[in-house]
Amino acid sequence: MGRLQDKVAVITGGASGIGAATARLFVSEGAKVVLVDLNEEKGKAFETELKTLNKEALFIKANITSEEEVVNIFKQTVEAFGKVDIVFNNAGIGRVQPSHELEYSEWRNTVNVDLDGVFLVARESIREMLKTGGGTIVNTASMYGLVGSPGSAAYNAAKGGVVNLTRSLALEYAEKNIRVNALCPGFIDTPIIPEESKQVLAAATPMKRLGQAEEMAKGVLFLASDDSSFMTGNTLTVDGGYTAQ
Ligand SMILES: NC(=O)c1ccc[n+]([C@@H]2O[C@H](COP(=O)([O-])OP(=O)(O)OC[C@H]3O[C@@H](n4cnc5c(N)ncnc54)[C@H](O)[C@@H]3O)[C@@H](O)[C@H]2O)c1
């Protein structure tokens with residue numbers, strides 16, 4: 001029996017990077033996965049790949065900044081699999097730019113995806129989990145939700161917001177059997193990191209390498225499963241030592 005046997009897991013940003021690695025680990029532990037992403041081509045191809053391996057998977061194209069589309073993710077999930085046990089609230093964007101050059105529209109766009117979108121997905125998750133008696137939510141924040149850095153003020157502000165949103169929702173629903181925790185990754189080798197930055201970011205990490213998406217997935221599995229049954233409102237930092245500096 002897998003650690004997530006027959007659990008239904010919604011994974012936003014599920015077509016790529018940390019979300020995709022987590023989907024692979026979750027299905028290997030017996031979960032049915034709903035892959036949510038803006039990227040239809042990658043999402044569809046991944047759904048097909050998992051189905052070919054005899055895993056239960058459904059791709060839903062949705063933008064987490066659209067309230068209507070987020071509501072629809074959960075409607076479609078319940079129609080397909082009957083319930084929602086786990087939500088990996090992970091889709092996000094990031095960009096480095098000096099703050100004095102940051103257009104307000106770019107600030108808004110980052111906060112819209114990285115904080116507002118995370119709230120919308122969390123709210124709909126909770127609405128569904130209240131109907132079935134509970135569940136677990138793992139929000140992807142970042143080590144930059146815990147410490148500052150130059151050049152990504154909007155991202156860092158949004159991720160700091162995700163950390164405290166996690167604590168607040170955890171407290172609000174602790175007695176309803178809904179656990180809410182956050183993963184705080186360091187620099188991870190996924191498409192969100194530009195190729196030309198990889199060497200510099202690896203050098204800035206005490207372990208002198210980038211993390212792998214699979215190393216994040218193991219943390220997510222811990223937070224999503226009963227292995228962390230007495231954890232809520234916590235952050236799990238997986239950053240090769242970066243925030244210990
Ligand atoms: N890679 C890192 O170094 C790192 C570090 C800390 C935190 N994170 C966070 O991890 C999460 C996953 O990122 P990743 O590294 O796997 O990057 P990624 O770019 O490989 O994956 C992100 C996915 O989210 C999807 N997405 C973006 N905006 C969306 C939207 N509005 N609606 C639906 N889907 C959307 C993208 O299409 C993409 O498939 C993000 O929240 C990111 O901020 C990443």
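**Ground rules.** I am working from a predicted model, in which local features need pLDDT of at least 70 and side-chain atom pairs count only at pLDDT 80 or more, while totals for chains, interfaces and linings use all residues. I number residues from 1 along each chain as its sequence is written, and side-chain values use heavy atoms, with hydrogens and water left out.

**The sheet.** I looked up the strand order and found an open sheet of seven strands, S3-S2-S1-S4-S5-S6-S7, with parallel pairing; two strands pair if DSSP finds at least two bridges between them. Helices (H or I, at least four residues) and strands (E, at least two) are DSSP runs numbered from the N terminus. The edge strands are S3 and S7 (235-238), each of which pairs on one side only. From one strand to the next the twist averages 15 degrees, where axes are lines fitted to C-alpha atoms, for helices over the stretch in contact, and angles run from 0 to 180 degrees between N-to-C directions.

**Strand S2.** I then checked S2 (residues 32-37), where six of six residues are buried, buried meaning under 20% relative accessible area, exposed over 50% and partly exposed in between, with a 1.4 Å probe and protein chains only. Both faces are covered, with Lys-32, Val-34 and Val-36 on one side and Val-33, Leu-35 and Asp-37 on the other. Five bridges join S2 to the parallel strand S1 (residues 8-12), and Thr-12 stands opposite Val-36. Five bridges also join S2 to S3 (residues 57-61), again parallel; here Leu-35 stands opposite Phe-59, and the bridge partner of Val-34 is Leu-58.

Helix H3 (residues 67-81) lies across S1, S2, S3 and S4 (86-89), running at about 160 degrees to S3.

**Helix pairs.** The axes of H4 (residues 104-132) and H5 (residues 153-173) come within 8 Å and cross at roughly 15 degrees. That makes H4 roughly parallel to H5, since angles under 35 degrees count as roughly parallel, over 145 as roughly antiparallel, 65 to 115 as roughly perpendicular and the rest as oblique. Among the residues that meet are Trp-107, Leu-115 and Phe-119 in H4 and Tyr-155, Leu-165 and Tyr-173 in H5. The axes of H1 and H7 (residues 213-224) also come within 8 Å, but cross at roughly 60 degrees, and the two helices are therefore oblique to each other. The residues meeting there include Ile-18, Leu-25 and Phe-26 in H1 and Met-216, Val-220 and Leu-221 in H7.

**Ile-192.** Last, I looked at Ile-192, in the loop between S6 (178-185) and H6 (198-203), which counts as partly exposed at 43% relative accessibility. Not counting residues up to four places away in sequence, Ile-192 touches Gly-92, Ile-93 and Gly-94. Its C-alpha atom is separated by 19 Å from that of Ala-62, 130 residues apart along the chain.

Conventions. Contact = heavy atoms within 4.5 Å.
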